[in-house]
Amino acid sequence: MKDVSIWTDGACKGNPGLGGWGALLIYGKHRKELYGGEADTTNNRMEILAVIQALEILKERCRVHLYTDSQYVQKGMTEWISGWKQRGWRTAAKKPVKNADLWQRLDELCHQHELHWHWVKGHAGDAGNERADELANLGVELLQA
């Protein structure tokens, strides 16, 4: 099984507003950078979409070390999602889970790989996280052009 390291990040100018997502994938000597954006979105949606886009590009089952500075994404997938699913995509307060469409897509993708989640502090010198941030901002710039 291939070992792939992925760093992801989301950005938003206004929340909601113009948003971008970025991902850096590294496998051995191979490096791939992805980015994109949406015109009317939130930072949280961009954080989740960055992970989705990165996982969707993988062509086979991989062991993935996923690095994110978003506790929302990391905790969502490692702590909260099982409860959401048990409650029919409702929070403990019985309200609909925000971004359920993306969480469901991400959940399906996670079952296709062996995922290891890592939270990293944003803007703290982690080279992969810094590059993912730059890519997410490029996604926003695409919309501003």
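**Reading contacts, cores and overall form**

Student: Leaving aside neighbours within four places in sequence, which residues is Trp117 in contact with?

Tutor: Contact means heavy atoms within 4.5 Å. Beyond those neighbours, Trp117 is in contact with Val51, Leu66, Val73, Gln74, Met77, Thr78, Leu106 and Cys110. This is a predicted model, in which local features need pLDDT of at least 70 and side-chain atom pairs count only at pLDDT 80 or more, while totals for chains, interfaces and linings use all residues. Residues are numbered from 1 along each chain as its sequence is written, and side-chain values use heavy atoms, with hydrogens and water left out.

Student: Which residues touch the most other members of the largest nonpolar core?

Tutor: In soluble globular proteins, nonpolar side chains tend to be buried together. A nonpolar core is a set of buried Ala, Val, Leu, Ile, Met, Phe, Trp, Tyr and Cys residues joined through side-chain atoms within 4.5 Å; buried means under 20% relative accessible area, exposed over 50%, and partly exposed in between (1.4 Å probe, protein chains only). The largest core here has 33 residues, of which Ile6, Leu55, Trp103, Leu106 and Trp117 touch the most other members. Two or more residues each come from β1 (2–14), β2 (17–27), α1 (43–56), β4 (62–68), α2 (71–86), α3 (100–110) and β5 (114–119). Helix α1 gives the largest share, eight residues. A second, separate core has five residues, among them Leu24, Tyr67, Val120 and Ala132.

Student: How much of the protein chain is buried, and what share of its contacts between residues at least 6 apart joins residues at least 24 apart in sequence?

Tutor: Buried residues account for 46% of the 145. Of the contacts between residues at least 6 apart, 67% join residues at least 24 apart.

Student: Is Thr41 buried or exposed?

Tutor: Thr41, in strand β3 (residues 30–41), counts as buried, at 2% relative accessibility. Setting aside neighbours within four places in sequence, Thr41 is in contact with Cys12, Asn15, Pro16, Gly17, Gly19 and Met46.

How values were computed. Helix = DSSP H or I, 4+ residues; strand = E, 2+ residues; numbered from the N terminus.
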